[in-house]
Amino acid sequence: MTSPAIAVTMGDAAGVGPEVIVRALADPGLRGLARPVVIGDAARLTRAAEICGIDVRVKPVAGPAEASGDPEVLDVLDIGGIPPDLPFGQLSAVAGEGAYRYVAEAAELAMAGQVQAICTAPLNKAALHAAGHRYPGHTELLAELCGVPEVSMMLSTGDVRVIHVTTHIGLVDAVERIEPGLVERTVRRGHRTLVDSGVPAPRIAVCGINPHAGENGLFGHGEEETKIEPALVACRADGIDAQGPLPADTVFFRAGRGDFDLVVAMYHDQGHGPVKILGLEAGVNITVGLPVIRTSVDHGTAFDIAGTGQAEAGSMLEALRQAAALAGRP
């Protein structure tokens, strides 16, 4: 069977994206698992390979069908647009525009069936905005490009998986936005994703909003009872094992020891913090609810070390492996 073609977007050219890509794609462990094609700037990737001391041939291709999967060759759909003298580690509208164009091209290829998954290197939100593209991040951008009104962010590291009810909005706005329908749809998306990935009966823990999940009304204004519990009743009625609302300060420990297959976090930092403590090098971001497969690194552009060759590629490598694994399923 032919290994799946994966569109790897280069992300912000001023960040660590080019470096983690060349490191990850040089790993011989990817041979046979996937045929990556980078959507980005060939000259920037060549420079990144030189910075990292990696002997790889950067080869422009006309499309994903020409991707070979050879770790000694970096196949690139060369969008261009990055000046040779663009400095690493500095905010740039030019880099933001490039990052947008790479994602748009990857989405078009995926929707047309020319690639079986998308794997994204980090973009910089401020650079994206400076280029005139007002999206909170990859998740929302891909949702619009794919014509989907609502998606969820799932983080995976080791045996712990977390899906978020809200993501890139302020905490006050997040609490306002949380309502039973959104919670229910998020739980169902997470459940379906785990079933599709081979977990037949997922055990799902749903976090509360307040400390101690409100402790029977002691904290908050009844958010658990009004915003979360009706959603769980509806999910359980369909046989979904959704437990909660549970205190977020203990639920991740329980998930880590194997009590749950998935944790539903109510807002960004409630889910991101525990996952990042477990290790950025193995963390992967999966967008749930798109008509295409999308995985990503679980770190940012790291402007402080961009262009130095210090960036670790573990998260990118794991994101590629998971993209390949998901692309191999119906």
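This is a predicted model: local features need pLDDT of at least 70, side-chain atom pairs count only at pLDDT 80 or more; totals for chains, interfaces and linings use all residues.
Guide: Residues are numbered from 1 along each chain as its sequence is written, and side-chain values use heavy atoms, leaving out hydrogens and water.

Visitor: What share of the residues in the chain is buried?

Guide: Buried means under 20% relative accessible area, exposed means over 50%, and partly exposed is in between (1.4 Å probe, protein chains only). Here, buried residues make up 55% of the 330.

Visitor: How many helices and strands are there?

Guide: Helices (H or I, at least four residues) and strands (E, at least two) are DSSP runs, numbered from the N terminus. This chain has 11 helices and 12 strands.

Visitor: Which residues of helix 2 are buried?

Guide: First, the general idea. An α-helix has 3.6 residues a turn, so residues three or four places apart point the same way. In helix 2, which runs over residues 42–52, the buried ones are A42, R44, L45, A48, A49 and C52. Looking down the axis, they fall within an arc of 160°, so they line one face of the helix. That arc is taken from the directions running from the helix axis to the C-beta atoms. On the face turned away from the buried side you'll find the exposed residues A43 and E50.

Visitor: What covers the buried residues of helix 2?

Guide: The cover includes helix 1 (17–25), strand 2 (35–40), strand 3 (57–60) and strand 4 (73–78). Strand 4 is mostly covered too, with five of its six residues buried.

Visitor: In what sense do strand 2 and strand 4 pair?

Guide: Two strands pair if DSSP finds at least two bridges between them. Strand 2 pairs with strand 4 in the parallel sense over three bridges, and I39 stands opposite L77 of strand 4. Strand 3 also pairs with strand 4 in the parallel sense, over four bridges; there, P60 has V76 as its bridge partner.

Visitor: Which residue caps the N-terminal end of helix 2?

Guide: That's D41: one of its side-chain oxygens lies 3.2 Å from the backbone nitrogen of A43. Just after the helix, G53 takes a positive phi of about 70°.

Notes. Contact means heavy atoms within 4.5 Å. A polar contact is a pair of N or O atoms within 3.5 Å; within protein, one must be able to donate a hydrogen and the other to accept it, and residues adjacent in sequence count only if both atoms are side-chain atoms.
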